Amino acid sequence: SCLTLAEEIGGAVFVSDDDRARRCARSLGLAVRGSAGIVVDAKHRGLVPTARSVIDELVAAGLYLASDVYVAALREAGESS
């Protein structure tokens, strides 16, 4: 139902960390963002001071984030070390 709604709205971004749902959304031509991407967007908009601290908190709370996704998110946020 989320995918259907995103298609109907048009221009919506489908937010999910589930690989299967993300693949399906992309196959429908939808823009896709995951939790790390949302945090990076928040950093760019000045809503959070650092992406690293928020992402680290999400991981500590149980979010699985592949190491390459973690590194890419920090790079996109301008926080790569």
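What you see is a predicted model, where local features need pLDDT of at least 70, side-chain atom pairs count only at pLDDT 80 or more, and totals for chains, interfaces and linings use all residues. Residues are numbered from 1 along each chain as its sequence is written, and side-chain values use heavy atoms, leaving out hydrogens and water.

Let's start with the layout. The chain has 5 helices and 2 strands, taken as DSSP runs (H or I, at least four residues, for helices; E, at least two, for strands) numbered from the N terminus. Their order from the N terminus is α-β-α-β-α-α-α. The C-alpha trace spans about 40 × 25 × 20 Å along its principal axes.

Now the helix pair. How do helix 4 and helix 5 pack? Helix 4, residues 51-60, packs against helix 5 at about 155°, with the axes 10 Å apart; axes are lines fitted to C-alpha atoms over the stretch in contact, and angles run from 0 to 180 degrees between N-to-C directions. The two helices are therefore roughly antiparallel, a label for angles over 145 degrees. Ala51, Arg52, Ile55 and Asp56 of helix 4 meet Tyr70, Ala73 and Leu74 of helix 5, where contact means heavy atoms within 4.5 Å.

Finally, the lining of the largest pocket. Helix 2 (19-27), strand 2 (31-33), helix 3 (35-44) and helix 5 (67-76) each supply at least two lining residues; a lining residue has an atom within 4 Å of a point on a 1 Å grid, and a pocket is an open set of points where a 1.4 Å probe fits, with protein on both sides within 12 Å along at least five of seven lines.

Thanks, everyone!

How values were computed: Angles under 35 degrees count as roughly parallel, over 145 as roughly antiparallel, 65 to 115 as roughly perpendicular and the rest as oblique.
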